[in-house]
Amino acid sequence: MKKKDKLLIILMTILPWLSIPFIGKRTLKRFLPGSLFMSLYLIAEGRFAEKKKWWWFPYSIKPNVLAELPLIFGPFLVGALWILKYTYGKFNLYLLVNILIDSFFTYFGLKWLKKIGYVSLVRLTRFQLSIVFLIKTFVLYGFQIVYEKCCHLSKNSSL
């Protein structure tokens, strides 16, 4: 991987975080637990995918560190916050937005990441990757529903 491409990966991780001051404290407090949960889910999925050879990251940050961490803690975590901010409570819109963004990544972003030598699919097709993304879409929304119900219950019980 070229030095320029490594810089792009670093920017891909950092640039989304520059939008956080605009998201609002209330939104951050409300949706950060779900976004962090999904980040942990993605780390576990990455380990599983590594063993199953779903995809391959020839680039690595350090030995024994998932190479997809820049994607997980950059655009995915911050993107989940923004998507939840504008679509939570409107499931059809949430689903549509996620399908569009995931499809864009799967069919265009992945092509660019492969071109710079960051990642390539091995045992998954793009369609199968889309299904994996769709599952994560439901997991995130489901977690947020459960989290909000638990928080609502705990607030009522403290009265």
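The model is predicted, so local features need pLDDT of at least 70 and side-chain atom pairs count only at pLDDT 80 or more, while totals for chains, interfaces and linings use all residues. Residues are numbered from 1 along each chain as its sequence is written, and side-chain values use heavy atoms, with hydrogens and water left out.

Side chains of opposite charge can pair when their charged atoms come close. The structure contains three salt bridges, a salt bridge being a side-chain nitrogen of Lys or Arg within 4 Å of a carboxyl oxygen of Asp or Glu. One of them joins Arg30 to Glu148, with 2.5 Å between the closest N and O atoms. Arg30 belongs to helix H2 (residues 25–52) and Glu148 to helix H5 (residues 126–157), so this pair ties together parts that are 118 residues apart in sequence. Helices (H or I, at least four residues) and strands (E, at least two) are DSSP runs, numbered from the N terminus. Arg30 is partly exposed, at 37% relative accessible area, and Glu148 is also partly exposed, at 22%. Here buried means under 20% relative accessible area, exposed means over 50%, and partly exposed lies in between (1.4 Å probe, protein chains only).

A salt bridge also links Lys136 and Glu45, at 2.8 Å from N to O. Because Lys136 lies in helix H5 and Glu45 in helix H2, the pair ties together parts that are 91 residues apart in sequence. Both Lys136 and Glu45 are buried.

The salt bridge between Arg47 and Glu50 has its closest N and O atoms 3.5 Å apart. Both residues lie in helix H2, three residues apart, which is about one turn of the helix. Arg47 is partly exposed, at 35% relative accessibility, and Glu50 is partly exposed with a relative accessible area of 44%.

Two packed helices are described by the angle between their axes and the distance between the axes. For helix H1 (residues 3–14) and helix H3 (residues 69–87), the axes come within 6 Å and cross at roughly 40°. The axes are lines fitted to C-alpha atoms, for helices over the stretch in contact, and angles run from 0 to 180 degrees between N-to-C directions. H1 and H3 are therefore oblique to each other; angles under 35 degrees count as roughly parallel, over 145 as roughly antiparallel, 65 to 115 as roughly perpendicular and the rest as oblique. Ile9, Met12 and Thr13 of H1 meet Pro70, Leu71, Phe73, Gly74 and Pro75 of H3, where contact means heavy atoms within 4.5 Å.

A disulfide is a covalent bond between the sulfur atoms of two cysteines. A search of the whole structure finds zero disulfides, the criterion being a pair of cysteine sulfur atoms within 2.5 Å. The sulfur of Cys150 has its closest cysteine sulfur in Cys151, 7.0 Å away, which is too far for a bond. Cys150 is partly exposed, at 46% relative accessible area, and Cys151 is partly exposed, at 23%.

Finally, Lys53 has a positive phi of about 55°, although Lys53 is not a glycine. This residue is found in the loop between H2 and strand E1 (55–56). Lys53 is partly exposed, with a relative accessible area of 45%.
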